Amino acid sequence: MAMDGYRGFLGLLVSGLLVGFLSVIFTLVWVLHYREGLGWDGTALEFNWHPVLVVTGFVFIQGIAIIVYRLPWTWKCSKFLMKSIHAGLNTVAAILAIISLVAVFDYHNARSIPNMYSLHSWIGLIAVILYMLQLLLGFLIFLLPWAPPSLRALVMPIHVYSGLLIFGTVIATALMGVTEKLIFALKDPAYHSFPPEGVFTNTLGLLILLFGALIFWIVTRPQWKRPNEPNSILQPNGGNKEEVEGSMAINTGNVDKSDSELNSEAAAGKRNFTLDEAGQRSTM
């Protein structure tokens, strides 16, 4: 099936992937060039894993997971396959987000820095918890086969809305974290004096914001939505149309067979009644 506005979709998709990839590259350049690199030893090098993993997993990979249903090249794939890819990408993003939190808490505890005192940390932890719940409920309701179609239809709008809400919250939290880190880290020269690191990292923040805007635009265009599969209510996990038609043909055959049997029994009864009537007449 052809997509309406395919060229526009392709341009936005390429732009979004490019901006997201640049966001990851800018984050790596920031921590490797300006923040002395990466490590896992309780020092600031361990903290540097936090922005890298958040931007890579919680922003970039989550954004791809959101728009994976919109790719027209996958519309011929089964719905169950696309659900599995969607869940797999979100699982990778969740794992990276958890590791990023471990890096922060480990660094704070090693340096005797208080935990969970800033608005950035509050909103960030809430976003991670909601993301885990979203992933768990999505797996139980939409991926496993035992949820009834009525429940899926009820939960789907909530699932879509909460996914976009969490993604937007992650974007806002990442921007808050970048600003907070620059304020604490840049002392000489100070952040307000426009040092190169400050300008470079502000550019990273703009890239993250632009990536989020492109993902939101792609996923909210109704003409780019994956077409509904026929007989979707009868196929909770993406069974194909031929299977449903085959089962309908089998049922129809059974009905026809039952009707023919009933007709045969009626005809036999009629013949027996005629013979009985003839016998009674001859006796009389």
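How many helices and strands does the protein have? The protein has eight helices and zero strands. This is a predicted model. From the N terminus on, the order of elements is α-α-α-α-α-α-α-α. The points below go from the whole chain to single residues.

**Overall picture**
- The protein has 284 residues, and buried residues make up 38% of them.
- The accessible surface comes to about 16,500 Å². Carbon and sulfur atoms account for 70% of that surface.
- Take the contacts between residues at least 6 apart in sequence: 74% of them join residues at least 24 apart.

**The nonpolar core**
- The largest nonpolar core holds 48 residues. Phe9, Phe58, Ile66, Ile67 and Phe211 have the most contacts inside it.
- Helices that give two or more residues to this core are H1 (6-34), H3 (49-67), H4 (79-110), H5 (119-143), H6 (149-185) and H7 (196-219).
- Helix H3 gives the most to this core, with 10 residues.
- Ile67 shows contacts that reach along the chain. Neighbours within four places in sequence aside, Ile67 is in contact with Leu13, Ile215, Ile218 and Val219.

**Segments marked in the record**
- An unreviewed UniProt entry places the feature "transmembrane region" at residues 12-32, 52-73, 85-105, 125-146, 158-179 and 199-219.
- Residues 12-32 are 100% helix and 0% strand in the model. The end C-alpha atoms of this stretch are 30 Å apart.
- Residues 158-179 are also 100% helix and 0% strand. Here the end C-alpha atoms are 32 Å apart.

- Phe200 lies in helix H7.
- Is Phe200 buried or exposed? Its relative accessible area is 17%, under the 20% limit, so Phe200 counts as buried.
- Which residues does Phe200 touch, leaving aside its neighbours within four places in sequence? They are Phe26, Val29, Trp30 and Tyr34.
- Phe200 and Tyr34 are 166 residues apart along the chain. Their C-alpha atoms are separated by 9.7 Å.

**A nonpolar patch on the surface**
- Trp40, Ile95, Ile98, Ile99 and Val102 form a nonpolar patch on the surface. Together they have about 450 Å² of accessible area.
- Val102, one of these residues, is found in helix H4.

- Most residues other than glycine have a negative phi, and most peptide bonds are trans. The next points give exceptions in this model.
- The peptide bond from Asp188 to Pro189 is cis, with omega near 5°. Pro189 sits in the loop between H6 and H7.
- Ser112 has a positive phi, near 55°, and is not a glycine. Ser112 is in the loop between H4 and H5.
- Ser112 counts as exposed because its relative accessibility, 66%, is over 50%.
- Met116 is in the loop between H4 and H5. Phi of Met116 is positive, near 55°, and Met116 is not a glycine.
- Met116 has a relative accessible area of 30%, so Met116 is partly exposed.

Key
Residues numbered from 1 in each chain as written. Predicted model: local features only at pLDDT ≥ 70, side-chain atom pairs only at ≥ 80, totals over all residues. Heavy atoms only, no water. Core = buried A, V, L, I, M, F, W, Y, C linked by side-chain atoms within 4.5 Å. Buried < 20%, exposed > 50% of the residue type's maximum accessible area, 1.4 Å probe, protein only. Helix = DSSP H or I, 4+ residues; strand = E, 2+ residues; numbered from the N terminus. Contact = heavy atoms within 4.5 Å. UniProt positions renumbered as here; feature names shortened; annotations may be inferred. Patch = residues over 30% accessible without salt bridge, like charges linked within 9 Å, V, L, I, M, F, W, Y side chains within 5 Å. Areas by Shrake-Rupley, 256 points an atom, 1.4 Å probe, with all protein chains shown as cover. Salt bridge = Lys/Arg side-chain N within 4 Å of Asp/Glu carboxyl O.
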